[in-house]
Amino acid sequence: MLVTLFVIVTFTFFLMHLLPGTPFNNPEKLSDKQLKILNAKYGLDEPVALQYIRYLGNLIHGDLGMSFQYQGRTVDSMIIDRIGPSAIIGLQAMVFGSIIGLLLGVISALRHNTLLDYGSVTLAVLGMSIPSFVFAALLQYFIGVKLGWLPPALWESYRYTLLPSFALSVSVIATVSRFIRTEMLEVLGHDYIITARAKGLSESNVISKHVLRNALIPVVTMLGPLAVGIMTGTLVIEKIFAVPGLGEQFTLSILVNDYSVIMGITIFYSALFIFVVFVVDILYGILDPRINFKRGAEI
Amino acid sequence: MNDEILEVKNLHVNFHTQNGVVKAVRGVDFTLNKGETLAIVGESGSGKSVTAKAIMRLLPKQNARITSGKVNYEKNDLLEMPLKKIQQIRGSQISMVFQDPMTALNPTMKIGRQIIEGLKKHQNLSSKEAKIKAINMLKLVGIPNAEDRLDSYPHQYSGGMRQRVVIAMALACNPKILIADEPTTALDVTIQAQILELMKDLQAKTGTSIIIITHDLGVVANMADRVAVMYAGEIVEMGSVDEIFYNPQHPYTLGLLQSMPKLHENRNKPLIPIPGSPPDLASIGTGCPFAPRCPYTMKVCHYFPPVKKEILDGHSVSCWLQDNRTPKELQPIGIGGTI
Amino acid sequence: MNLEINNNKALQINNNEPLEIQDIPTEITDDLFVAAPIDINKQDEIASPPVTFWREAIGRLLKNKGSIISIILLVFMIFLALVGPQISGHTYRQQNIVHTNLPPKISGLEWLGFDGKDVHGIDQYKKRNIKENYWFGTDEFGRDLWTRVWKGTQISLFIALVAALLDLFIGVLYGGISAFYGGKVDNVMQRIIEILVGIPNLIVIILFILILEPGITSIILAMIVTGWVSMARVVRGQILQLKGQEFVLASRTLGASNRRLIGKHLLPNVMGPIIVTLMFTIPTAIFFEAFLSFIGLGLQAPLASLGVLIEDGYKGMRFFTYKLIFPAVVISAIMISFNLLGDGLRDALDPKMRK
């Protein structure tokens, strides 16, 4: 896990230094001497290896350096400022999307091969295939502008979070519902479900106590990829809805070559992802009794 | 007879598959008496499992259809009962044990809980009472350390132990009928013997009637009072275990018995298998289903289904060889007499 | 006695020999009680003619409605992508200052909305006295959108296909070697993958694009670098599973060489999952390219890809919705088709499918 982080940091660092151009605005307006001073100030004139070590050292202290774009601002403060909106729409999308996805998936599995099932599968395919930004743009246009039900952009009050969260949640709903449906259909075919029915348990009991329990556990493994999807999604969603979040900042920084911010956010995202995967692993181990007892005593 | 506890009449079950309609059970009749063990024998695909599941209405809703028949239990037709009533009967009056103990238990639920579920539903016990009963059941089936074992999971048990747990679950509510679908097929031979002994033991203690489904004649000889031989969805011969083993009348039964290797026989004597394979139940025609493989076929066998004839009290056969019009010389040695 | 004579089944009776109708007795007479021995050799005949795995799979695929629709759609769109730009008479970069921002107009299809009228309802063609009909309208530089959309489709598909195929090549090689040789080799190779997987794809792609100036090559390279892993895993998983199966062991026992094992036994069985994964890799690639273009890191003007067109369209969404709709519909249709097709293929190629 830490190895991965280390690899990412190193990789990103050296990539950054391969970037053409300088991080400063309007370099042609600066004289050579000024450029030299600026370079010295940011330590850019030192050999790359040295810069790398220095960076690592700072990293351990949680110091991600200073932004080149915005003079005097530290990268961490920028991240902290910006993380709020992204976290809000991200979490809302996750929670809302998962709940709806679960409901859709369970219902369509229970009503297998009926209109409801086909309808929900179709929705899922659409949700997965139509690119999120296309959907977001259309959403913004039709609901935000034409119908005016919800504010189409910016970030003034809670209502402004709704459209972006919804747009983000679409792919979550699609993925989760398909996955749950497949899992449930598989579990429904297992022998122990027949055993449960043979015991005389009511159908709702069978579904809730036996089917759901077994079907939901693998869904946990989806959380990792889902989190990544959301992180990716925020880049465009924030752009479309003008949400002042981390994603928007990331895109901006890329366009102006603000090295340290790019690096900082990259490391942040990667660390976040690794953390989620780690948590998922542990959760899965807790939920599925077969994992921990691999070496259990047999009688 | 007054001793009857279950009566199956004219049961027909169809499966609707991608390849067409498969007639899995084509007119099955039998009765089960109190306290007896009835064995249903046949090859894979003969329809024995389907019959068992049909009794409890456990067939998959998607593609199975019980097209006709009655299953009479305590003056009610189980096939016509509302779902809620059937659910009350399942597990408490009629229980089932399945073939594969590895997959028959919920892998993510503690064993104790799986047993207690049924107890709570049918016998309205409090948690404490149910727990005690569960422990007793585990002890009854021979699981050591029963108190601790309640909290363990299925994957912590071996195959034989799991099957014991399944039996414990099935018998927890003292059912009147136990249907065991190939309960020992997936187990090692030594464990098989243990399980069968356990079942006989429990039957002696509780007086449960048992329907045991198997393809193993050894199991039949060991456990059964009466035997029904199934082929291609029909019962071709039925009688007491002695009659079936010592006075088989149907060529299929004969074939089964002849194809079993016997320890005491001469090694050099060749095994006599039944040639060919069972018919495709999606495209089965009229006539006796065994005719294509029967060494004693007559013309009539190919066109007309045989009539069931009761040759002795309790021993019935469906075969044209039993008909009066059949010339004596066509009957195999032993038919109509003992081998 | 019930006689079930259904269709021609009774004609075949039980020993598969068709008989004339008058041969079937309608009642039981004494003369029927004579021996009618059966031909034992006929018993073991296989019921239906042997069908190869592939033919069966294609049969299953064609039964799947979703797959049929996808195939038709895809063929249609690929055709348009190749032919579309030719038939309009314009190139994708040809500008025409007089013909800027024209709404779509197709003579004959005005009732569907292709009437050349803008947001305010004014027929721009009439107003500016333009004879030529632009089927998908024009953008702010007067470039024909029909041509641009289909050219863009061409480019998007090209990028996706190349990236996917190279992913396939690398993935199969890596996964194959890893699984086939097993042991230490496998361990090390898997370790590497574990680390690579920990890095979010997006980040790698963006960083790549940053270094190598945005363009077709850089996008393809970036996507290959991140995409081969899933193919490698699928291939490895499949081969590992096959390796353990008995037919491989049997073949080895019969003295088959490694090359023969790979070529004749392993590869054909791996083909299935490979094709399915490929079907899903392509839409992922299309998505990424569009995504990158949308945030500005993709292709640059005047090149058109579906992503670039959507971005352009988005900018003019308020007054020129058509600019967004056409590329959006095309990209959605392509992605839906590939996804459906991938699903259909997965179902068709899995012999254990039960309905």
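**Reading chain B and the A–C interface**

Guide: In chain B, residues 24 or more positions apart account for 63% of the contacts with a separation of 6 or more. Two residues are in contact if their C-beta atoms, placed from the backbone, lie within 7 Å. This is a predicted model, in which local features need pLDDT of at least 70 and side-chain atom pairs count only at pLDDT 80 or more, while totals for chains, interfaces and linings use all residues. Residues are numbered from 1 along each chain as its sequence is written, and chains are lettered from A and ligands numbered from 1 in the order in which they are written.

Visitor: How many helices and strands does chain B have?

Guide: Helices (H or I, at least four residues) and strands (E, at least two) are DSSP runs, numbered from the N terminus. Chain B has 12 helices and 12 strands.

Visitor: What share of chain B is buried?

Guide: A residue is buried if 20 or more other C-beta atoms, placed from the backbone, lie within 10 Å of its own. Buried residues are 48% of the 339 residues in chain B. The C-alpha atoms of this chain fill a box of roughly 70 × 50 × 45 Å along the principal axes.

Visitor: How many residues of chain A are in contact with chain C?

Guide: The size of an interface is often given as the accessible area lost when the parts come together. Here the description is by residues: 33 of chain A are in contact with 31 of chain C. Helices of chain A that each supply at least two residues to this side include helix 1 (2–16) and helix 12 (259–287).

Technical notes:
Buried ≥ 20, exposed ≤ 12 C-beta atoms within 10 Å, placed from the backbone.
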